[in-house]
Structure formats: C-alpha cells, structure tokens
Amino acid sequence: MIGIVDYGMGNLRSVQKAFERIGYPASLINHSAALKRAELIVLPGVGAFDRAVTNLKSSGSWDVVLNHLELGKPYLGVCLGLQLLFEGSEEGSEQGLGFFQGQVVRFKHVEPVPHMGWNEVNWTGVAEDLLPDNVSQPCYYFVHSYYPRPRDRKIVAATANYGEDFCVAVRKGECMGIQFHPEKSQFAGLDLLKKYCDSLISRGHLSIVDAVS
Amino acid sequence: MLQRRIIPCLDVKDGRVVKGVNFVNLQDAGDPVEVARRYDAQEADEVVFLDITASSEQRDIMIETVRKTAEEIFMPLTVGGGIRTTEDMRKILAAGADKISINTAAVDNPRLITEGAEQFGSQCIVVAIDGKKSSDDNWEVYIHGGRTATGLDLLDWVSEVEQRGAGEILLTSMDADGTQDGFDIPMVKRVAETVKIPVIASVGAGSPEDFVEVFKQTKASAALAASVFHYDKYPVPVVRNYCREQGVPVRPPWKGEKNEKIEL
C-alpha cells in the first residue's frame, strides 16, 4: 500500500492523482495507525519547515516515519518531505528527521527567489534506474526558496543549476527525496513516479496486488 | 537552467471560457476543463484562470470548475478574480489551485497579501497589477479592471507587494491591452529590475516574436497571453519552438515515455 501523509501542509490530492494516473493507487492518510501499514510512505508538502515538524509530531506521524526510515522501508519525500530528511533548516528552528546529515539552506546568490518554474535536472548514477528514455536533461517544476546541502555527497541523486549547482534529489537504500514536484511536472513527473514505483515492485518492496486493485 | 515560462490565460464567466476584446462582445469559447486539458497536452508551463463572473453568488461555480480542472491537469494552476479574503483563498486552494491571484483587493487591503502569505505561503500568492503610463518612466496603478486610477506609483507598489510577501507579480500593461503589438517592454523591464520575485508579463502578445522580445529584453520569468493561444493562431508549441529557435531557454517538448490516462 502507498500511503501519502496528509498532515495539513497543502492540498495533497494532486499527488494522489499522479499516482492514480500511473496505475498505482495511493491513500491519503492522516492517522498514524494507518500509516504504519504503508509499504511506501510518501511525504509531500509545501509550506514552512517548523509547521511541518509540529504538524507531523502532533498527528503522531513523526515517529511512524522515523521508524519506517530506520527499518529501511521505501520513503519518497517531495519538496518539504525531502528537506525534512535533514538535520535542520535555515527557515526555522525545529530539528528535522536527521536521517541524512546536512542542513537546508536558502538561495543567497541568485534572483528571483522563490526559484519557481521548470528547471533542467542532471541525474547521477544513483538514480540510473529512474532515468527517462530519450531525454538527457529533463525539466521538472520547482517552487521553493530552500534546498538541502547533504554532508554525504554520495547520496546526491540529481542536481540542478540556479545561480549555482544545488542538490535536487537524494537517494540511499529505499529512501528517496526530490525537491521538485512530479505531480506538477506533466509527462516528466509521471514518468519518474512510474519508474520509481516499478523499481519498488521489481525489488519486492511494493505488492502488485495493491498496485492493480 | 531555469526555463522561461509560457502561460495561457483563460477568462472564465459562469463556468465557461469566454473571449472578447476588453470584456465586451463575449463569446463562448468552451469548457474550461477541456481547454485546460488541451493546454496541458500541449505542455504549456502553467495555466491561469481569471474569473470574470460579476455576481458573488456565482463564485461557487468557479470553485467547482477549479476542482474539476485540477483533477485533469498535471501543471500548476493559478486562479484569480473576485478573491477578497483569506477564506476565499482557502476555498480556491482547497479545490486544487496552486496559486491565487489578487488585484483590487490587494490595493484596498494590502494586509491581505501579508495574511495570505503567512497562512498559505508566499509561493501561492500572486499579486496582479494593472499599470498605465503617466509620464516617461512612470506608471500609475489602476484597479477595478482598469476603470479606477489609484494614484499609486507602480514601482512603489511592486516594492510594497514584494515586501509584504507576494511570491510573484502578474503585470498587466493597460497601454498594451488589446493591441497585439507586443508586450510593454519598458514597463516589464523596470518592474523586473525593481523586485527580486518573479514577474509574469501580461497583455499585448500578438505573435511568437513578441515572446522572444520580452524574454530577451527583460528579466521577466514568464509571459502570459490569452487570445494568441485561444484562437489557435499560434498554439503553445509554435510559440515554444520559435522561442527555442531564437535561443530563449524555454522547456523542450517531452520526448520520453508518455503516461496517458489510465482508467481505474
């Protein structure tokens, strides 16, 4: 089962319908008990870092997500869901999940901010199985003012250039985070989600029964 | 590299797309859901709905239109027109819009910008501004669809809007309105140099050359047009390809696998 964490950080129907479109139904979940049953936890979200931390904690989802990550189960963080994987953010004072070492920082040497729109992305070898066919530098839709600076460069799955090269995707084991919005990135975004889910199926991390139900 | 955005805009009245010059002789131009789907298939970078419904009782129709459209498209959707309170904003965002655009309400009550940004995040607050040239290098802000002069200086207003937390400025030149002679380059240039947030240039586009012009001569992040795209005179792909030929960084058409609609 794919569980999308619904924790009051924006309308998540767009994320859910992107999964539907590629043939992988996903549930919006706002109860920690139900979230525990998810094979893949998807954590989207747009908004402030501190409020996201507070909302996740008060809903009980924080500990479920941490436990899920520690067990090495599949996790997909989108935008804020990527940033929360790190230790903290310049945007707030709360601590992140700390699954990856490093801080989330604000764009300082480029205008305009927010970084809003379609940006070319360079995937690294870490994401070889997710790359689109016939497209060397796919464009995805971004809207953010902060981005992660991972201590461990080996987890960087993709970078983009906006004034400087910055990290837009991380991946280690079954944990993945992306800064852009696949649900707003038309064919490019759906293709990525499809390949990501297919890869989970092929490694036995997602049950096919759920995928076709 | 960040790509320049090409954005079609739909005027929506009572749940239908309308077209006409300066809101007169309005003609029905179809179902907004279908039109937005077509733009999505053409790989427009975003789409904007402007609700020009007169009465507030009809606003619920717009919410339903937004809900239906958001179900069908996979690109950002901005909705403007008649939004006066943060509660109006919440309804539109809950229906599936990514950004909301305010114009007259922002001038009447600038705190609305701040409150919207605090509640929903700057990224979804677009402030639309209608400007008209008053003298060389000076423009005045107009409201009520261009009918009322405010005495506000355009460059002062864009700075205030930015400082109050707007995420983007949708800039309309009343001097270029309806001309199809191209975007108002001097105005767009000055505004885009004044603020650090993205500026969307609007009104005046009559040909693909106009898009190249505004992107080459100004720092505008995006260019918006309605009739150029509606009449299928220059569909989005034609404008995009011309921009690319002329060296403007706009998004290339997708050449990978396409996940067409799967019925569940």
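Which residues does B:Ser221 touch, not counting residues up to four places away in sequence? B:Ser221 touches A:Pro112 as well as B:Gln3, B:Arg4, B:Arg5, B:Pro198, B:Val199 and B:Phe215, where contact means heavy atoms within 4.5 Å. The residue sits in the loop between helix 8 (208-217) and strand 12 (222-225) of chain B, helices (H or I, at least four residues) and strands (E, at least two) being DSSP runs numbered from the N terminus. B:Ser221 is buried, with a relative accessible area of 10%, on a scale where buried means under 20% relative accessible area, exposed over 50% and partly exposed in between (1.4 Å probe, protein chains only).

This is a predicted model, in which local features need pLDDT of at least 70 and side-chain atom pairs count only at pLDDT 80 or more, while totals for chains, interfaces and linings use all residues. Residues are numbered from 1 along each chain as its sequence is written, chains are lettered from A and ligands numbered from 1 in the order in which they are written, and side-chain values use heavy atoms, with hydrogens and water left out.

**The interface**

Between the two chains, 43 residues of chain B are in contact with 40 residues of chain A. The area buried between them is about 3,600 Å², of which carbon and sulfur atoms give 58%; buried area is the accessible area (1.4 Å probe) that two parts lose on being put together, summed over both. B:Phe74, B:Trp254 and B:Asn259 supply 24% of the area that chain B buries against chain A, more than any other three residues. Across this interface the rule finds three salt bridges, a salt bridge being a side-chain nitrogen of Lys or Arg within 4 Å of a carboxyl oxygen of Asp or Glu.

**Salt bridges**

| Residue | Partner | N to O distance |
|---|---|---|
| A:Lys195 | B:Glu257 | 3.8 Å |
| A:Arg13 | A:Glu20 | 3.1 Å |
| B:Asp108 | B:Arg84 | 2.9 Å |
| B:Glu193 | B:Lys189 | 3.5 Å |

B:Asp108 lies in helix 4 (residues 104-108) of chain B and B:Arg84 in the loop between strand 5 (77-80) and helix 3 of chain B, so the pair ties together parts that are 24 residues apart in sequence. B:Asp108 is partly exposed at 45% relative accessible area, and B:Arg84 is partly exposed at 44%. B:Glu193 and B:Lys189, by contrast, both lie in helix 7 (residues 185-194) of chain B, four residues apart, about one turn of the helix.

**Helix 1 of chain A and the cores**

Seven of the nine residues of helix 1 (residues 13-21) of chain A are buried, so this helix is largely enclosed by the rest of the structure. What covers its buried residues includes helix 6 (186-202) of chain A and helix 2 of chain B. Just after the helix, A:Gly23 takes a positive phi of about 90 degrees.

The largest nonpolar core has 72 residues, and those with the most contacts inside it are B:Ile129 and B:Phe211; such a core is a set of buried Ala, Val, Leu, Ile, Met, Phe, Trp, Tyr and Cys residues joined through side-chain atoms within 4.5 Å. A second, separate core of 49 residues includes A:Val121, A:Ala157, A:Ala158 and A:Ala188.
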